Amino acid sequence: MEKGGACTPPIRQVLLLFVLLGMSQAVSETGRFSVAEEMQSGSFVGNLAKDLGLKVSELSSRGAQVVSKDKKQRLQLDTHTGDLLLSETLDREELCGSTEPCVLYFQVLMKNPTQFLQIELQVRDINDHSPIFLEKEMLLEIPENSPVGAVFLLESAKDLDVGINAVKSYTISPNSHFHIKMRVNPDNRKYPELVLDKALDYEEQPELSFILTALDGGSPPRSGTALVRVVVVDVNDNSPEFEQAFYEVEIPENSILGSLVVTVSAWDLDSGTNGELSYTFSHASEDIHKTFEIHQKSGEITLTAPLDFESIESYSMIIQATDGGGLFGKSTVRIQVMDVNDNAPEITMSSITSPIPENTPETVVMVFSIQDIDSGENGRIVCSIPEDFPFVLKSSVENYYTLETERPLDRESSAEYNIAITATDLGTPRLKTQLNITVLVSDVNDNAPAFTQTSYTLFVRENNSPALHIGSVSATDRDSGTNAQVTYSLLPPQDPHLPLASLVSINADNGHLFALRSLDYEALQAFEFRVGVTDRGSPALSSEALVRVLVLDANDNSPFVLYPLHNGSAPCTELVPRAAEPGYLVTKVVAVDGDSGQNAWLSFQLLKATEPGLFGVWAHNGEVRTARLLSERDAAKHRLVVLVKDNGEPPRSATATLHVLLVDGFSQPYLPLPEAAPAQAQADSLTVYLVVALASVSSLFLFSVLLFVAVRLCRRSRAASVGRCSVPEGPFPGHLVDVSGTGTLSQSYRYEVCLAGGSGTSEFRFLKPVIPNIQAKGPGKMSEENPTFRNSFEFNF
């Protein structure tokens, strides 16, 4: 045997020779059924479950189906009842011809597990054909000297039925010279012989006629008739004789048409017309007449139609040599057809499973059968598939095979396989048949969706519009179909105080993230959350990623003036001695900005002044100082408007109004008034007292507010030597930020307000800042105390 000829597992080939060895485990008892021909489609044949001892439920659960070798489904199986029904009307003569009994073979394929049940269906003949004579008139020339008892051959009637329905007997119409005798030829066909009962007399009656009737054995019987004419001829007393009583020859089935098969020869001792012989087929079937031809004079038998060993393996025929006087001799010729390898193997697919779920081991992909109608080595088959596929061929029962997966498949590696199943016979030359099938691999949800990034950082500017698209997350899934469809969701935040549901939302279909409300950098500078993605497989698989949102600051806060308070109950008046040197610190405008970065960088500018050039404002720290020496000619009262502007785009600003009173000395119990009319002097004096009163009331109001805050938030208290000092601490409005040295304060700013009691000249310490080293809201930022700023804010008078 050639290398690779056997279907062994290493080379994935199965040898047909070993099929019958495993039948004992795969094939159960053979079911035999019988049905009469010509029954209508859908007729009941038998109950498969009852006949084979199976459960009806087993037929349905195991997917039983009827298959046949000739690819024709003549039977159908009702898996709910186990009944076998005809799928078409059966004609026994068409199916089997003259073969008796007429048995059709089927297999019942049972899946899960695979099992084959054999079924034999015998098609019973019914008497649906009448005997027919090929020649409606038979002419016999009988010599007058034929002895009583002489036998004369008559053509037999042809009846397509078999068994008892075939031709049973022959009769002739009443006459005084002949009767009928039955004979059986070599292929078991009955034919009539005419027996002479009374000597013929040519001079008395030269011709006789009678009716030959053929009757079959059916009930009721059918009949056919032919006219027999007997011509009485003159004496011919020698019959022809053949050289051989039996001829046997062999001829290949691929012989060309017109080739000589055999030559038969006979002789006759008579002379003249009585010695002239003619050769004919006697009682030959229709197949013989179609396939062979005999030369009447030479006796040469030639081939006139193609031979097919698979249809007819041999022919048997009677050759009759008849002389001119009507006498004949007989010889038998047997022609044996020799098989040649002229039929390629046939592959019949019974069932196929496609697609196949991935990750499923040892799955039956296909059930198929192979056959070669040649014989001997020409009919032996080997079967194979390519070696580089994860599939294996396994032999089943008879010519059936299963194609199974050798290991679990991976759809992501290969979604389909184009497999060529090759069946090769062992004849010379070898013939092969190839069946190409495509096996699809269906997806199983074995891959979790994966984000394109493990973490995402998104930036959004504060004061955004609600429902603003701030970014997207994206995930992919290597699976397909529903298993690759992903849904995005927000996972519960790790910080229980983060109101994530009110901050952002996510589009479940495409991963777009939206800000649900306007964000405020001063309230929330950054937050992070986890996003989950889940596919729609069963069971569903998921993964998650971290999203960090950074809020970008916008210049949305105007500077806030801490001092002087613009909402005080009375204006704050700054006292400046007239003897002050240039650069004397009058006061300091203190302001903060709730923004960050350059949006919180503040600058100060003197916007308006009662007397320009007398006072100046330092741009970076807000200190108001005298620009020159004061003189007696300078007005006593001055009103300064200071513009505080941030460095944002566009910039925002605020104004602070300062009231400055020039005095000659801090020890005076009253303020000197400039020369004026008595009424004007009185008004100026009242103004001075009102300013002092308003300053006192404002101080008391500020003290009360700080005391209220201190009650709730105070961490420490301190006793003052001159009077009582309350130290409140807490955030100012607007979430104030610290920019050291620029006149701004941190978010947490503490003031120490001390009122000194006593008579005479009072000492007033106003807004002494106490800035603890506490951490601001922003990460990594610390509030720092500005000593210069703190010292410049103390006044003594």
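Ser 350 is buried, with a relative accessible area of 16% (buried means under 20% relative accessible area, exposed over 50% and partly exposed in between, with a 1.4 Å probe and protein chains only). Its place is in strand S27, residues 346–352 (helices, H or I with at least four residues, and strands, E with at least two, are DSSP runs numbered from the N terminus). Please keep in mind that this is a predicted model, where local features need pLDDT of at least 70 and side-chain atom pairs count only at pLDDT 80 or more, while totals for chains, interfaces and linings use all residues. Residues are numbered from 1 along each chain as its sequence is written, and side-chain values use heavy atoms, with hydrogens and water left out.

**Overall picture**

- The secondary structure of the protein comes to 8 helices and 56 strands.
- Of the 797 residues in the protein, 45% are buried.
- Among contacts between residues at least 6 apart in sequence, 67% join residues at least 24 apart (contact means heavy atoms within 4.5 Å).

- Leaving aside residues up to four places away in sequence, Ser 350 touches Gln 65, Val 67, Leu 109, Val 367, Phe 368 and Tyr 400.
- The structure holds 12 aromatic pairs (rings of Phe, Tyr and Trp, the last by its six-membered ring, pair if their centres lie within 6.5 Å; planes under 30 degrees apart count as stacked, over 60 as edge-to-face and the rest as tilted).
- One of these pairs is formed by Phe 368 and Tyr 401, and it is stacked, at 5.7 Å centre to centre with 25° between the planes.
- Phe 368 lies in strand S29 (residues 364–371) and Tyr 401 in strand S32 (residues 400–405), so the pair ties together parts that are 33 residues apart in sequence.
- Both Phe 368 and Tyr 401 are buried.

**Other ring features**

- Phe 152, Phe 178 and Phe 210 are linked into a cluster by ring pairs.
- Over the ring of Trp 618 sits the charged end of Arg 625, 4.7 Å from the ring centre (this requires NZ of Lys or CZ of Arg within 6 Å of the ring centre and within 35 degrees of the ring normal).

- Asp 159 lies in the loop between strand S12 (157–158) and strand S13 (167–172).
- Asp 159 is buried yet has no salt bridge, and the nearest side chain of opposite charge, Arg 222, is 7.5 Å away (a salt bridge is a side-chain nitrogen of Lys or Arg within 4 Å of a carboxyl oxygen of Asp or Glu; Lys and Arg count as positive and Asp and Glu as negative, with His and the chain ends not counted).
- A polar atom of the Asp 159 side chain lies 3.1 Å from the backbone nitrogen of Asp 161.
- Beyond residues up to four places away in sequence, Asp 159 touches His 129, Ser 130, Pro 131, Asn 165, Ala 166, Val 167 and Asp 216.

**Backbone details worth a look**

- Most residues other than glycine have a negative phi, and most peptide bonds are trans.
- Ser 219 and Pro 220 are joined by a cis peptide bond, with omega about -5°, and Pro 220 lies in the loop between strand S16 (207–216) and strand S17 (223–233).
- The peptide bond from Tyr 563 to Pro 564 is also cis, with omega near 0°.
- Glu 38 has a positive phi near 70° and, at 33% relative accessibility, counts as partly exposed.
- Asn 359 has a positive phi near 65° and counts as partly exposed at 39% relative accessibility.

Note on methods
A polar contact is a pair of N or O atoms within 3.5 Å; within protein, one must be able to donate a hydrogen and the other to accept it, and residues adjacent in sequence count only if both atoms are side-chain atoms.
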